[in-house]
Amino acid sequence: MGLARGWSVALRGVDGHVVEVEADVGGGLPGVHLLGLPDAALRESQDRVRAAVVNSGLVWPNERIVLALSPATLRKTGSAFDLALACCVLAAAGTVPQRSLERTVLLGELALDGRLRPVRGVLPCLLAARDAGMARVVVPEVALSEAALVGGIEVHGATDLAEVLGWLRDGALLRRPGPPPGPGGDEPPDLADVLGQDDARHALEVAAAGGHHLLLVGPPGTGKTMLAQRIVGLLPRLTTDDALALAAIRSVAGRLPDGAPLATVPPLVAPHHSSSMAALVGGGGGLARPGAVSLAHRGVLFVDEAPEFGAHLLDALRTPLEEGEVRLARAEGTVHYPARFQLVLAANPCPCAPAHDRDCVCPSLVRRRYLGRLSGPLLDRVDLRARMYPVTTFTTEAAEGEDTATVRARVLAARAAAAERWAADGWRTNAEVPGPVLRSRYALPPAAVRPLDAGMRAGELTARGADRALRVAWTLSDLSGTSRPDREHVEAALYFRDRRAA
Ligand SMILES: Nc1ncnc2c1ncn2[C@@H]1O[C@H](COP(=O)(O)OP(=O)(O)O)[C@@H](O)[C@H]1O
Ligand SMILES: [Mg+2]
Ligand SMILES: [Zn+2]
C-alpha cells in the first residue's frame with residue numbers, strides 16, 4: 001500500500017485551477033478521510049467513488065484512506081473530481097501504475113455502476129490543464145466534441161471507469177476527438193431586408209462603429225427587432241481568444257451545443273422580460289451559473305420591450321455595463337463572470353402600442369411614464385437613441401437600404417481608425433475611452449465643443465452626458481474619415497442623445 005498523486009481541475013467561474021489529488025492508503029482503521037475544503041457534493045463523492053470501483057469489478061482497499069485536494073485554500077465544488085479520486089486510490093493500492101497518472105488530468109463524475117457522467121465546464125478545465133503544462137486529459141466521452149475546440153493538449157474520451165483503468169494500466173485505446181469543426185456558426189440576417197428607417201439604420205451603424213449602446217423606440221412592426229438582430233453582422237468577427245472565452249462561458253452555463261464550432265459572429269442574446277434575475281445576470285444554487293449578460297460577452301445584449309422588464313432587472317444591468325463583469329456572491333464563495341457586452345434596447349412608445357401613434361389611447365401621464373421606467377442612470381449610459389415610424393411603402397426604391405456588407409465595410413474602417421488611436425492605452429472602441437481622457441489629452445478646439453458647453457450651462461446635459469456625446473462625436477468623425485470631430489460631429493452626437501424618445 002502507498003501514496004499516489006494525480007490531477008484534476010477546479011472551476012471558479014470560468015477560470016480553471018489545476019488541483020493535485022493525493023491518496024494515501026494503509027496504516028490504520030478502515031475509513032475514508034477527505035481533506036482540502038470539500039463541499040457537500042464532494043463529500044458525497046467518496047461514497048460514489050467507492051461504489052463505482054467495486055461495481056467495476058475492482059477491490060476497494062479495506063484500510064485507512066486519506067484523500068487530499070490541494071491547494072487546500074482553493075474552494076472546490078462539484079463532482080468532477082470523482083474519476084481522479086478513484087484512480088488515485090487504485091494507484092495507491094497498486095492496481096494501476098503510479099507513473100500513468102503523471103501529467104494526466106482526469107475529469108468526470110462517476111455513477112454508482114462506474115459510468116462516467118458529463119460535467120459542466122470541460123472547455124475551461126482543458127484550457128487550465130493545457131496552460132499548466134499537463135500532457136493528457138481524460139473527459140467523459142460526450143464532452144469530446146467540446147474538448148476538440150481546445151488545441152495543444154492530448155484529449156481522450158471514456159464511457160466508464162473500467163475503460164480508464166484499462167488505458168492507465170494496459171495502454172488500451174480510448175476515443176479521440178475528431179478534427180475541430182472549422183470556426184463558423186450562423187450568419188446573421190442581412191440589413192438589406194430592412195426597408196426605410198434611415199435614422200435608425202444610421203444609429204445602428206454608429207453604434208456598431210463605436211461600440212455605443214443604443215435605444216430604438218417605435219410602434220410595433222416597424223422593424224426594431226429586425227434591426228437589432230442585424231447589428232452583429234456589422235461587428236468585427238470574434239478573435240480566437242474571445243471565441244474561446246465565450247465558449248468557456250457557454251460551457252459552464254451548460255449551453256455549448258454539441259459539435260458546435262467556435263463562434264465567429266459575436267453573440268446576440270435576447271432575454272425575455274419575464275426572465276429571472278439569475279437568468280439575466282447569473283446565479284442559482286451552489287456553483288452560480290452565468291446569465292444572459294455573460295452569454296452576450298463580446299457581443300450584444302438585446303433588451304426587447306425594455307420597459308416591460310422590472311426596474312430591478314434593468315438596474316442589475318448597470319454593474320456589468322460599468323465593469324464588464326458580474327460578481328456573484330454565494331456561500332461557496334464569490335465567482336466572477338466576464339460580461340462585456342453592447343446593449344441594444346427596444347421599446348414601444350407607450351403601453352397600448354398601436355401601429356400608428358395617432359391611435360394611442362394612453363393618458364398622457366401613462367405615456368410619459370412608460371419610457372421613464374428605463375431608469376435615468378441606465379439611459380444615461382445609452383449614447384444613441386433612434387425614433388422609428390411605420391414603414392409607408394414596401395415598393396419604392398427609396399425605401400431600399402444598403403446591405404450588411406456595404407455598411408460593415410465602413411464600420412470596420414472606422415473601428416480600425418479608433419483602434420489605432422487608442423492602441424497604446426488598450427481600448428478597442430470609442431465607447432471605452434474615459435471621459436477625462438477625451439476632455440484633456442484629446443481635447444477638441446473650443447469652437448467644436450461649444451454646443452456641449454451650452455447644453456451643460458442650460459442644465460440640459462449632465463457632465464456624463466457630455467462625455468458620452470464626445471465619444472459619439474469621435475465615432476462620427478471616424479466614420480467620415482476625419483482625424484478628429486468638428487462642431488458638426490458634436491452637434492450630430494447631441495442630436496442622437498437628445499432626440500425625444502416619445
Ligand atoms: N422596416 C421594415 N422593413 C421590412 N420589413 C419590416 C420592417 N418593419 C417591420 N417589418 C416586417 O414586420 C415584421 C415584424 O418586425 P419587427 O422587427 O419584429 O418589428 P418590431 O420589433 O418593431 O415590433 C418583420 O418580420 C417584417 O416582416
Ligand atoms: Mg419587436
Ligand atoms: Zn398608447
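What percentage of the 502 residues of the protein chain count as buried? The share is 46%, a residue being buried if 20 or more other C-beta atoms lie within 10 Å of its own, exposed if 12 or fewer, and partly exposed in between, with C-beta atoms placed from the backbone.

The legends describe a predicted model, in which local features need pLDDT of at least 70, side-chain atom pairs count only at pLDDT 80 or more, and totals for chains, interfaces and linings use all residues. Residues are numbered from 1 along each chain as its sequence is written, while chains are lettered from A and ligands numbered from 1 in the order in which they are written.

**Figure 1. Overview of the protein chain.** Taken along the principal axes, the C-alpha atoms fill a box of roughly 85 × 50 × 45 Å. The secondary structure comprises 19 helices and 16 strands; these are DSSP runs numbered from the N terminus, helices being H or I with at least four residues and strands E with at least two. Of the contacts between residues at least 6 apart in sequence, 75% join residues at least 24 apart; a contact requires C-beta atoms, placed from the backbone, within 7 Å.

**Figure 2. The boundary between domain 1 and domain 2.** Domain 1 covers 3–170 and domain 2 covers 191–396, with bounds that come from an automatic or database domain assignment. Their C-alpha centres lie 40 Å apart. Contacts link 17 residues of domain 1 with 19 residues of domain 2. On the side of domain 1 that touches domain 2, two or more residues each are given by β1 (3–12), α3 (122–131) and α4 (144–147). The largest share of that side, four residues, belongs to α3. By class, the side has seven nonpolar, five polar and five charged residues; Ala, Val, Leu, Ile, Met, Phe, Trp, Tyr, Cys and Pro count as nonpolar, Asp, Glu, Lys and Arg as charged, and the others, Gly among them, as polar.

**Figure 3. The largest nonpolar core.** A nonpolar core is a set of buried Ala, Val, Leu, Ile, Met, Phe, Trp, Tyr and Cys residues joined through C-beta atoms within 7 Å. The largest has 149 residues, and A86, C87 and L107 have the most contacts inside it. Helix α2 (residues 82–92) supplies the largest share, 10 residues. Because domain 1 (3–170) and domain 2 (191–396) both give residues to this core, it lies between them.

**Figure 4. Strand β4 and its partners.** Strand β4 (residues 64–70) has I65, L67 and L69 on its covered face, and R64, V66, A68 and S70 on its uncovered face. Strand β2 (residues 15–25) runs antiparallel to β4 and is joined to it by six bridges; strands pair if DSSP finds at least two bridges between them. The bridge partner of E22 in β4 is A68. Strand β3 (residues 31–35) pairs with β4 in the parallel sense over five bridges, and V32 stands opposite I65.

**Figure 5. A five-stranded open sheet.** The strands follow the order β11-β12-β15-β10-β16, with parallel pairing. β11 (268–269) and β16 (384–387) are the edge strands, each pairing on one side only. Two bridges join β11 to strand β12 (residues 300–303) in the parallel sense, and V269 has L301 as its bridge partner in β12.

**Figure 6. The surroundings of ligand 1.** The shell holds 13 residues, of which L195, G223, K224, T225 and M226 are the closest; a residue is near a molecule if its C-beta atom, placed from the backbone, lies within 6 Å of it. Five residues of the shell are nonpolar, seven polar and one charged.

Terms used:
Two residues are in contact if their C-beta atoms, placed from the backbone, lie within 7 Å.
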